[in-house]
Amino acid sequence: MKKNNENKVKRLGIFACSDEKEGKIDRYIFYLLNDIKENLDDLIVVVNGKLQPESRWKLSEVTPYVVTREDKGLDPAAYQFAMIEYFGWDKVQEYDEIVMFNDTFFGPFYPFKEVFDEMADRDCDFWGLTEHYETEDCTGWNPYGYFPEHISLYFLVVRKKMLTSYEFMNYWEKLPVYDNYYKVIAEHETYFTKFFLDTGFTYDVYCDMEDRKSLHDALPI
């Protein structure tokens with residue numbers, strides 16, 4: 001894989017996808033992975049569920065780190081598995097940044113290098129592409145009693161200070177393997193950003209979302 005010699009950032013990517021088509025990986029995923037890997041030193045692909053031999057072979061052309069696991073816990077469980085069990089904290093914390101992303105978005109429409117170059121000048125501990133506005137908790141499970149403004153976790157980058165912190169490790173060590181999509185939304189997706197903000201870390205988002213905020217309540221996805 002291409003190293004990031006220009007900015008000297010050692011970056012690990014963890015990509016999570018689910019078995020929705022009997023283990024076949026769609027073409028758009030290979031387009032996504034082949035572009036973003038140019039900004040990574042290493043890439044782990046975690047498939048929740050089965051993986052057809054042809055798809056495994058194609059993924060192995062992108063990265064040597066391809067692993068399948070039981071289809072439970074959704075994306076957070078895949079990231080958790082990759083960091084704690086597959087690589088381990090000692091190896092994960094050798095990186096300057098970790099990128100956690102999934103298969104729920106299409107792109108890129110222009111090279112990811114432009115995104116990473118732009119965000120390199122932003123002073124923050126973690127960042128994403130977009131964020132969701134504050135709204136009511138429609139599940140009743142969010143620990144804050146509402147859905148705080150938060151990064152949309154289909155794409156998340158965590159930098160060294162936070163990556164090597166006790167708070168970050170402890171968060172993932174204690175995160176349940178959820179069996180309910182709405183609990184993932186309430187207790188992780190809409191909780192993560194404010195939790196780490198309150199802990200003392202700072203965040204930013206690539207896209208200016210101000211003019212896209214709505215007055216209507218909605219379930220964040």
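This is a predicted model: local features need pLDDT of at least 70, side-chain atom pairs count only at pLDDT 80 or more; totals for chains, interfaces and linings use all residues.
## Ground rules

Residues count from 1 along each chain as its sequence is written. Local features need pLDDT of at least 70, side-chain atom pairs count only at pLDDT 80 or more, totals for chains, interfaces and linings use all residues, and side-chain values use heavy atoms, without hydrogens and water.

## The sheet

Seven strands form an open sheet with mixed pairing, in the order E3-E2-E1-E4-E10-E5-E11. Strands are DSSP runs (E, at least two residues), numbered from the N terminus. Two strands pair if DSSP finds at least two bridges between them. Strand E3 (65-69) and strand E11 (203-205) stand at the edges. Each has a single partner strand, so one side of each lacks a neighbour in the sheet.

E2 (residues 42-48) and E3 run parallel, joined by five bridges. Here valine 45 stands opposite valine 66.

## Strand E4

E4 runs parallel to E1, with six bridges. Arginine 11 has glutamate 97 in E4 as its bridge partner. E4 and E10 run antiparallel, with five bridges. Methionine 100 stands opposite leucine 156 in E10.

## A residue in a loop

Tryptophan 141 is in the loop between strand E7 (135-136) and strand E8 (146-147). At 36% relative accessibility, tryptophan 141 is partly exposed (between 20% and 50%).

Methods:
Helices (H or I, at least four residues) and strands (E, at least two) are DSSP runs, numbered from the N terminus. Buried means under 20% relative accessible area, exposed over 50%, partly exposed in between (1.4 Å probe, protein chains only).
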